[in-house]
Structure formats: structure tokens, C-alpha cells
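Have the structure open as you read.

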Amino acid sequence: MNRCWRLDTPAQTLVLASWNDRLPEIVYWSAPLPEDEDLQALAESTRMAPTGGMLDIVADLSVAPEQAGGFLGHPAIGRNGLPMQSYFLLETAPFVENGLHLIYHDAPSQTQYHLHARPDPKTDVIELWSSLHNLGESPCEVDFMAAPVLPAPQNSSEILEFSGRWCGEFQTSRVPWAVGARMRESWEGRTSHTDFPGIMIPTTASSETSGEAFGLHLGWSGGHRMIAEELSDGRRQIQFAALQDAAIPVTKDRPYHTPKLYVSRSERGMNGVSQAFHSHVRQNILRYADADRPRPVHYNCWEAVYFDHKPDVLMDLADRAADLGVERFVLDDGWFGQRDDDTTSLGDWSVDRRKWPDGLGALVEKVKARGMTFGLWVEPEMVNEESDLYRAHPDWMLGTGRYKGRNQQVLSLRRPDVQDFLFIQIDQLLTEYDIDYLKWDHNRALPSVRPDQTLYLYRLLDRIRSAHPNVEIETCASGGGRVDFGILEHTQRFWASDSNDAYERWKIQRGASYFFPPEITGSHIGPRLCHTSGRQFSMDFKATVAGSRAMGLEMDLRELTETEAAQVKQAIATFKARRGLLHNGDLHRLDSADHNVLAEMHTNPDRSEFVLFAGQMQPSAQQFARPLRLSGLDPETKYNIRLENVDAVVEVMNRGPKNPLIAGETVTLSGTALMHRGVQLPNSFPNTIWTVTGERQ
């Protein structure tokens, strides 16, 4: 006898079956099933008989695989230094509106396993999480616990993973399935640059734009583990878990909760999964003070002045930024304590009166008078040993303090006195000055990987926003080191990378787009000479890269020539004109027949308008640019399309007669033609991005 439950969104059905009241396994995760599907028959049809060399049962690949149930793969729960020897049986299935809550009980260990699932039909995402409850008097020690385990599809040959480094985040790599377990971990105590907690699983016939694909992401800002395991019998499991460097006691009044696992499935390729995640972030995760306010164009002064703050210089930069059309001015590191370099003053969050004898008020008023809002850089979780705070409270550090990172130590947010101190410091700043934005940085890995440090960070952020609901917060961790759905429940923007190298940024932004919508992905036009790579690029290239996300500038505006200033001003105006399309539409990564071309397009909800960005990253192997197929258009609609940057067409690469699009004419083609034959773009040098706009005829 078995019990079955189903979860549905428009693009997927997930069916769980519990055999003889054991923990359920997911027996189906794919296309939407008919409403009258016989779930009992479906579940029974998936059963397999043991073969030679096996146990006399086929162990359940459940939402929490148990060794006591005969499962010989990686277990889902570790307790007291060993896999938990549990055998959970169904206790109750209480009704939960728009979701599922199943409670299982293991009598010998006096523990309960709770499974939670919540599908969102509006976004096509299912949220899954679980918890372990101790019903006994003695605490049990939990070493790890996976969020609900999902099976991976059999018609997939590889996993798309996301890794990288500082100034090179969100790099993609394809890893083939093979017998055994593949494990990816982050021991940094944060999401990390190198091991992002999310994967895409394309099937063998899928691509960015078509075919069946699956996506999973653990919304957690601390250490984490991903296991993709193929058993010798051919079954596959995916586990995501928060990582910890010490066992956590579970008592009657303190259950263990896993972070949420977000999953989606699409028949429109990996773009369909990404668009579901983007919609879920927009509708269910982000919390804006004013959701209708367009995402403002930033100016950040870091790569202009670094720690060398002079009020007259910053006032001048504010004027120049406003003249270009900037909407938010951000004062970066160097304004507090005696912060002349990165060795001192973290923790002393009072204005440096040597640099700002009258405080920040005059700069704030200047910024507001020029029609901009004011933002400020902070790094509250950290402390320099050369600081008043450290000298007064060396006991406030997290870990032993043996090793520093960027000359700093970490404060233990587990301590109530640290929580109160940090809140008071930030609250005083936000009360004294009209600040509408904090750039919240986090410039080192943690010395201790414990979930409560992350949970208390979430509480601190919520406490600040509760006291100052109009303040927005950007999550930054030396760039993209702490970016996930968990932190986005408490912040409104993220800094994708410390690299303003436009070439690297275009790749980073593409990787981030698998999970995050463009309007929260900060991207800035950098200085003439990129400070992290030493390379130089055209202003058009840099402006297009920045103008495809949440646009900003991060340079010394005094170095701009009149021509460059005019280009930047025009780029900002162009961004503002298409900001609604970029920040409210659907992002489509395009499959290019030329692997040296990275292209994407954005369509508005009714598919009447689009903008295409096609980046020529390296020289092509062939002489002609290959046609680029578009995506997401209405096949029957005729579109008027134009190449916006005709001036970038290089004559030596495009000699003689040119096709009408390359010649600057408006061309009218159907959505079918654009998606199946594609557009013929100019032959181009590397580091060129072609911009094509289209609108319904």
C-alpha cells in the first residue's frame, strides 16, 4: 500500500509516493500530468525488482535517504558523527494551504522529520525544506542534514555547474554524469565565489532556448554542500545542505531547519528555468520600499579616489555625476575612523573628522540638491585589530583570530552585545544622514562555518530595515561572494564582481543570469584602464555591458574627455529609456553557432518589443558572422528591427555592399524568420557588442 501526493505548477508536476508509510520518494518530476492521473498506478509503475548482488529490497531513494532502510548511497542526515540510523514512518499529513506538510516519526530516536513543500503556480517554482525535531529529553547532535532530496533525470548526460574566483564569478562548466558522488562544498561561511549553490540539469536534447531542463538552488548565504550522485543501479540523487564545522544540538525547543531549496523545470530550455527563478525573485523574495521606483543609475567613487577622501573632490564628482544623469551617489570605503588604508578602523563607524571636519552632511545635501539620492559603504561584520572596537572588545571575534583576511577579523554575530552594537552604529548613521542605500561589504572568508552566524546576519539586516524601511541594501562580498536567494530576502541589489573589466563582466553576467534577474545585478562602467586586469576597452563596449543590468559608473569622472562624457550621458539616457523592458521583461540567453559570440535578448511581457545584445568576445573561426537565432518572439508577429550601433561597423571587416540591417535601415521580419533563420550581424572585431532593437509592426 502507498500514499501519493502531487505538487503542480503550469510547467511541472512533482509526485511523491510513500511505501508502507515510509519517507516518500519523488517518483515523478517532469511535464504537467493530467488532473485525473492515477497516482497510485504511476507510483507502482516505477517499482523495480532486485537483481543479482543486491539486497533483497530496493531501498527507497527518498527525500531523506536512510541507511537503516537499506540505502547504500550518500545519506541525507548525519548524527553523532555517523549517518543517522533512522526509520521514519508517517505520523500525520496536516492540511497546509497551497502546499504540503508531512510529519514522520522515528520511535527509537524520538525524532520527527518534517517535509515542507510549496509550489507557486504564478512563478513555476517549488520551494522545498525540511526540519528535524527532537521529542526526547536528551539533545541529539546533527552533523549535517540535506534539504529534501530530488532525483535527477535519466535523460541527462551532464550537469551545468557555477564556479569561479574573485573577479571571475559565475563561470559555467559542464560535468558529465558518472557512477559515484560528485561533491561541491563551500567552507568560506558565505555563498562563495568558487562554489555557487545552484545547478542546471539540461537533458540530452535541450539547449538554452528549447528542450527539457531542470534547475535547483539552495537559498543560503553560509557554507553549503552539493552532492550529485549516480548509484550503481543507475538512479541519481541531488542533495543540497547547509555546511557546518561542528555538530549542532537539537533539543525539544530547538529543531534543526534546512534552508529552502528552490526547484523548477521547463520545456523551453534553461531559459525557461531561469525565467521562472527571475519571476520568483521578483514576486516572492525581493522586498522594496517602493517597488514601482525604477532601479537608479549609480555613481560609486571607489575607483576614482579609493581611501583619499577630499570634500571638494567628492563635491566635484557629485556635480559631474549629476550632469551625466546619475540618480544615486555612493560614498565608498574611507569615510570613517582613521581609514587611510585597509589595515585600520573597521568597527569604528564614526565619520573621520580629519577628512570630513563638518561631517558628511554637506556632501549629502549637495547630492540631494542635484537630484540624486545618497548611498554609503559599510562592512559591519568585520573589524581591524587596529581599531578602537577591537582594543575594547577582543573577545567579540569569531573563531581564534589566528589568520586575518584583508587585514581584518570577523565579529561573532551570535553575541547579543555584538548585534546591539552594530545595530546602534548603523541606526545612528541612518538617523543622522539622509541615506537611502547601504553597500554592505564582506571582504573575507569566515574562520568558523556555523549556520547561526548567517541566521543572525539575516536578523540584523531585518532589524535595520524595520527601523529604516526606505533604506535599500546591496550585498557585496569582494564582489559576488555572497549572492543567493537567502540574502536577497534581506537585500535589494548585489555586486556581481569587483572586476569592472567589461569583457569579464559580460561572461559573469551571463552566468549570474541563470538565477538572478537583471535589475538587481549591479554593473558599472569602469575607468579607462581597468584596475583589476590592466585592459582598455571602447566606451561603447563598456557602456553596453553596464547598460544591460542595473547600470552604474565607477571611475574618476575628471578623466573623461568631452567626447567620452557625451557618450556616457547618451548611454545613461538610452538605459533609462529601455530600463522598463530590461527590468520587467524576460531575459533569453541565445544559443550561438559561433562559440565566440555570447548573446542575450530581452523581451517585454507581451512580446511586442525586444532588445538584443550580441557580444563578439574573440575572433571567429570563420570569415562571416554566423546568423544568430532569436528567441521568445511571437512567430506570427512582424517586427521592425534596427541595428542601433551602426557607427561601430568596421569597413575593413564589411567591405562593399551591406545588407539593409548593417547599412542602418529598418528591416521588417516575422518572429518565425527571426527565430529560425536569425539575424545576420556585421563581421566584427573582438570586444564588440551589437545592439539590435525590435518592435511590433
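## Nonpolar cores

In this predicted model, the largest nonpolar core has 167 residues. Its members with the most contacts inside the core are Tyr113, Leu216, Tyr299, Phe329, Leu331, Trp335 and Phe516. Helix α4 (residues 311-324) supplies the largest share of this core, namely eight residues.

There's also a second, separate core of 23 residues, with Leu612, Leu628, Leu633 and Leu643 among them.

## Helices α7 and α8

Next up is a helix pair. Helix α7 (residues 416-432) packs on helix α8 (residues 451-467) at an angle of about 30 degrees, and their axes are 10 Å apart. Angles under 35 degrees count as roughly parallel, so α7 is roughly parallel to α8. The crossing of the two is right-handed.

On the α7 side, the contact is made by Gln419, Asp420, Leu422, Phe423, Ile426, Asp427 and Leu430. Helix α8 brings Tyr456, Leu457, Leu460, Arg463, Ile464 and Ala467. Sort the residues of this contact by type and you get nine nonpolar, one polar and three charged.

## Glutamine 338

Where does glutamine 338 sit? You'll find glutamine 338 in the loop between β23 (328-331) and α5 (361-369). Is glutamine 338 buried or exposed? Its relative accessibility is 51%, and exposed means over 50%, so glutamine 338 counts as exposed.

Setting aside neighbours within four places in sequence, glutamine 338 is in contact with Thr344, Ser345, Asp352 and Arg354. Glutamine 616 lies 278 residues from glutamine 338 along the chain, and 45 Å separates their C-alpha atoms.

Terms used
Residues numbered from 1 in each chain as written. Predicted model: local features only at pLDDT ≥ 70, side-chain atom pairs only at ≥ 80, totals over all residues. Heavy atoms only, no water. Axes fitted to C-alpha atoms, helices over the stretch in contact; angles between N-to-C directions. Helix = DSSP H or I, 4+ residues; strand = E, 2+ residues; numbered from the N terminus. Parallel < 35°, antiparallel > 145°, perpendicular 65-115°, else oblique. Left-handed = near helix turned anticlockwise from the far one by under 90°. Contact = heavy atoms within 4.5 Å. Nonpolar A, V, L, I, M, F, W, Y, C, P; charged D, E, K, R; others polar. Core = buried A, V, L, I, M, F, W, Y, C linked by side-chain atoms within 4.5 Å. Buried < 20%, exposed > 50% of the residue type's maximum accessible area, 1.4 Å probe, protein only.
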